[in-house]
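Please consult the sequence and the structure while reading.

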Amino acid sequence: MSNNSVKKVAFIGLGVMGYPMAGYLQQKGYQVSVFNRTTAKAQQWAKQYGGNFADTPAKAAQGAELVFMCVGNDNDVRSVVYGEHGVLAGMQAGAVMVDHTTASANLARELSQAAKQQGIGFLDAPVSGGQAGAENGVLTVMVGGEQGDFAQAEAAIMCYSRCAKLLGPAGSGQLAKMVNQICIAGIVQGLAEALNFAQNAGLDAAAVVEVISQGAASSWQMQNRSLTMLDGKYDFGFAVDWMRKDLGIALAEARENGSHLPVTALVDQFYSEVQQMGGSRWDTSSLLARLKR
Ligand SMILES: NC(=O)c1ccc[n+]([C@@H]2O[C@H](COP(=O)([O-])OP(=O)(O)OC[C@H]3O[C@@H](n4cnc5c(N)ncnc54)[C@H](OP(=O)(O)O)[C@@H]3O)[C@@H](O)[C@H]2O)c1
């Protein structure tokens, strides 16, 4: 099976991320069959993009050369992969399963083994770029797995991405995503403290950001989130609940590999306080709201 011949694919999980990602595959010439737990969303997707929808993950996966998934957490992935209606029951030998869910590295290793027993390839491929990245087809994809499987899936992944890189064996994509989230946790807290300080000092915080975002203090968070933070707007973006899931995964991995993550652990606690303030679905930049209480 050469990567040029890949045409029939499946996509499981049409959430904020999966819905547009599956749409790009269909728009760029793949024959996409989707499954979503809430069928109405799958029906809506099929109507919008013209692909097919199935009533089980196994049926969606039948005959597909690539099966993509983007659901919630480790156990959500297990529930769409295993069992008589799961993806593995429908997949054929030689096909590749690609998991875009942000999950643990241990799950990736487990799925890789389970797939291998059926002659199926596996890539863990969590993404960065958020809802806007998915809707604009410009995600960054961190991949773990084997080179041959990556070669088979890369062209399809690039339908909704601007960068996809194989970083090592199964689990490496999830480990890289943990690195990404560790970076973000510290940066957002730093930004929240800085904006709070600027306002308490009587400065025009927006004007300060305009200047310092041109220098060494700049970051994606500063450029894309400072103004909404200063306006107290958090009802969009990457939810605090998801961030806590991701930080929990990173902290558990750190315990296994002996890394110290004191700032990450503290910021995770701060996010639990944001949840108690009613901010479970607020964007991660809501750390500033916690300082304003
Ligand atoms: N949103 C972001 O900005 C972002 C950025 C990077 C990475 N991610 C990661 O991408 C993944 C998906 O995020 P999202 O924002 O798309 O989430 P979402 O909008 O909540 O969608 C989750 C999807 O997974 C399905 N699902 C959840 N549990 C399931 C289960 N047990 N069985 C079957 N289907 C299940 C949901 O089906 P229903 O429609 O039936 O609920 C829905 O299609 C998460 O791992 C998240 O951490 C998200």
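R290 is buried, because its relative accessible area is 13% and buried means under 20% relative accessible area, with exposed over 50% and partly exposed in between (1.4 Å probe, protein chains only). The model is predicted: local features need pLDDT of at least 70, side-chain atom pairs count only at pLDDT 80 or more, and totals for chains, interfaces and linings use all residues. Residues are numbered from 1 along each chain as its sequence is written, and side-chain values use heavy atoms, with hydrogens and water left out.

**The salt bridge of R290**

- R290 and E273 meet through their side chains in a salt bridge (2.7 Å, N to O), a term for a side-chain nitrogen of Lys or Arg within 4 Å of a carboxyl oxygen of Asp or Glu.
- E273 lies in helix α13 (residues 262-276) and R290 in helix α14 (residues 287-291), so the pair ties together parts 17 residues apart in sequence; helices (H or I, at least four residues) and strands (E, at least two) are DSSP runs, numbered from the N terminus.
- E273 is partly exposed, at 23% relative accessible area.

**Other salt bridges**

- The structure holds 9 salt bridges.
- One of them joins the side chains of K116 and E146 (3.4 Å, N to O).
- This pair links distant parts of the chain, 30 residues apart: K116 is in helix α6 (residues 105-116), and E146 is in the loop between β8 (139-143) and α8 (147-157).
- K116 is partly exposed at 48% relative accessibility, and E146 is partly exposed at 45%.
- D55 and K59 also form a salt bridge through their side chains (2.9 Å, N to O).
- D55 is exposed at 52% relative accessibility, whereas K59 is partly exposed at 47%.
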